[in-house]
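Please examine the following model with attention to how its secondary-structure elements pack against one another.

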Amino acid sequence: MGREFKLSDMGPEETMNNILEVFQALSHPVRLEICQVLMTRQYSVGALCKMLGLKQYAISQQLAVLRKAEIVGTKRDARRIIYFLSNDKVRRILRVSIANLMQFDASSDLVKLDRKQQAGGFARIF
């Protein structure tokens, strides 16, 4: 049996505020979708806009929140900024969450939510 996790076990760089900021950033459907896309590959804002069917300002606004929460990072490629999922802990959270959703979906009649629904609707599934 594994050791029980306590918030007091966190290192100095992992405060409660950091954890809350990460989960707040992931709680928005568009930001969650961006992270899911960035799990597999790095993309420019333009490529993300095409993939997700959203305007540049909307993607840029959500990427700014993800950067502030230290979930995504950037690198320059000539004149373009390339975004990537830089936080390995978030990558693990997303992998486990996606696997659990797929398992849950396979055993029930779960209705897929789209990004137009409020972020709170995502949390109400569980």
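Helices (H or I, at least four residues) and strands (E, at least two) are DSSP runs, numbered from the N terminus. Read along the sequence, the elements of the protein follow the pattern α-α-β-α-α-β-β-α-α, that is, six helices and three strands. The model is a predicted one, in which local features need pLDDT of at least 70 and side-chain atom pairs count only at pLDDT 80 or more, whereas totals for chains, interfaces and linings use all residues. Residues are numbered from 1 along each chain as its sequence is written, and side-chain values use heavy atoms, with hydrogens and water left out.

Burial is expressed through relative accessible area: under 20% is buried, over 50% is exposed, and values in between are partly exposed (1.4 Å probe, protein chains only). By this criterion, 28% of the 126 residues in the protein are buried. Contact means heavy atoms within 4.5 Å. Among contacts between residues at least 6 apart in sequence, 49% join residues at least 24 apart.

A nonpolar core is a set of buried Ala, Val, Leu, Ile, Met, Phe, Trp, Tyr and Cys residues joined through side-chain atoms within 4.5 Å. The largest one here has 24 residues, and Ile34, Leu63, Ile71 and Leu85 have the most contacts inside it. At least two residues of this core come from each of helix H1 (16-26), helix H2 (29-38), helix H3 (45-52), helix H4 (56-68), strand S3 (80-85) and helix H5 (88-106). H2 gives the most, with five residues.

Helix H2 is itself mostly covered, seven of its 10 residues being buried: Pro29, Val30, Arg31, Ile34, Cys35, Val37 and Leu38. Beyond residues up to four places away in sequence, Ile34 touches Leu48, Leu52, Ile59, Gln62, Leu63 and Leu66.

How do H2 and H4 pack, and at what angle? Their axes, which are lines fitted to C-alpha atoms over the stretch in contact, with angles from 0 to 180 degrees between N-to-C directions, are 10 Å apart at an angle of about 80 degrees. The two helices are therefore roughly perpendicular to each other, a class that covers 65 to 115 degrees.

Leaving aside neighbours within four places in sequence, Gln62 is in contact with His28, Val30, Arg31 and Ile34.

H4 also packs against H3, their axes coming within 9 Å and crossing at roughly 110 degrees. H3 and H4 are therefore roughly perpendicular as well. Val45, Leu48, Cys49 and Leu52 of H3 make the contact with Gln56, Ile59, Ser60 and Leu63 of H4.

Cys35 is buried, at 0% relative accessibility, and Cys49 is buried at 11%. The structure holds zero disulfides, a disulfide being a pair of cysteine sulfur atoms within 2.5 Å.

Finally, consider a loop residue. Thr40 lies in the loop between H2 and strand S1 (43-44) and is exposed, because its relative accessible area is 67%. The C-alpha atoms of Thr40 and Leu85 are separated by 8.7 Å, although the two residues are 45 residues apart along the chain.

Definitions and conventions:
Angles under 35 degrees count as roughly parallel, over 145 as roughly antiparallel, 65 to 115 as roughly perpendicular and the rest as oblique.
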